[in-house]
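Subject: Structure handover

Hello,

Here is the structure we discussed, with the sequence. My notes on the sheet and the cavity follow below.

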Amino acid sequence: MARPRLIALLCAVAAALCAAPAAQARTPCPGEQVAPTAAGSAAVSDAVFCLSNQIRAHFGLPAFRRDVRLDAAAALHSLDMGVRGFFDHVNPDGLDPTARAAAQGYGAGAGENIAYGYGHARALVLGWMASAGHCRNLLGGAADLGVGTAVSGGRPYYTQALGDHFSRPVADTARNGCPYALNVDALAPAAPAPAGDESTPARARPAARAAAEPVAVPLSLHALRLSPRRFSTGGRGTKISFRLSAPGTVTFTVTGRGRGRSLSRRFTRRGKSGANRLRLKTEIGRKVLHAGRYRLAVVAENAAGRSTRVVRSSFVVTRR
């Protein structure tokens, strides 16, 4: 009698296994693969918010709270980047993410992820997750999130404003594994993308991404120095030194006043990875730097996009 009972038990177990529900597939966020337009930018921002929280849930992290003040700050920054043609966390007026959030009434401080050129919300969020710095922001301790999308000149710009990083600390396990090449439908991390230099985390990019797809923060420019910062007209000028995290084209903009006249000149040079030096003479493109005070703004760019910020310095030209 034991044998028939064993067979019956095995059949019952098999039936139970067959009846077990299949694993739930991810529910796609509405509009996550819709190309942004001026009229549909809010829906794309909603999809970015939804995807960000789905990814946080996958890593066991609390969801972001949507904040309309941060939404406004993010939307205005995306539009500003498109209209004024810059790509930076600090706008040409010198306002950083915290200052721009405060202008909308949000006083808890803010971090930021920015990007441009991505065709839809899904590609954007996966691109951020494949970049160490942006990934750490998404998996970090921020409590509040605002998202802004804008289209200018046919190109989409995106901003995530991440607020209140200190009221609810989270475990570092997930963000310490950044960057991730995610299968977003299964929400299971694949092999991580190669890590880049910590000073330029966004250069890490998964092999599956198209070469033409821009990286949110492609390279960094720093350690800008002028020596000397005071020199005379007709002299040898000054030496400019700076460092780049990767090769790129460097644009120098000189503005100021000499002999009561305003001057604004721009020139470019190719820069190499590491230390770079060149000489700034008292004549730029047939325009003479007369005695006066001048400002120098420097930004670098490569095939992936512009550097994270514009670096500035100043100098004085004296009479010979």
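Helices and strands here are DSSP runs, helices being H or I with at least four residues and strands E with at least two, numbered from the N terminus. This is a predicted model, in which local features need pLDDT of at least 70 and side-chain atom pairs count only at pLDDT 80 or more, while totals for chains, interfaces and linings use all residues. Residues are numbered from 1 along each chain as its sequence is written, and side-chain values use heavy atoms, with hydrogens and water left out.

The cavity: the structure holds 1 of 30 Å³ or more (on a 1 Å grid over the protein atoms alone, a set of points where a 1.4 Å probe fits but cannot get out; lining residues have an atom within 4 Å of a point). The volume of the largest cavity is about 40 Å³, taken as the space filled by probe spheres set on the points, which are joined across faces, edges and corners. At least two lining residues come from each of α3 (68-84), α4 (97-103), β2 (110-116) and β4 (155-163). α4 gives the most, with 3 residues. Among the lining residues are Pro97, Arg100, Glu112 and Thr159.

The sheet: 4 strands form an open, mixed sheet in the order β1-β3-β4-β2 (two strands pair if DSSP finds at least two bridges between them). β1 (65-66) and β2 are at the edges with a single partner strand each, so one side of each has no neighbour in the sheet. Strand β3 (residues 144-152) runs antiparallel to β4, joined by 9 bridges. Asp144 stands opposite Gly163 in β4.

Regards

Key. 1 Å grid on protein atoms, 1.4 Å probe; cavity = no way out; pocket = protein on both sides within 12 Å on 5 of 7 lines; lining within 4 Å.
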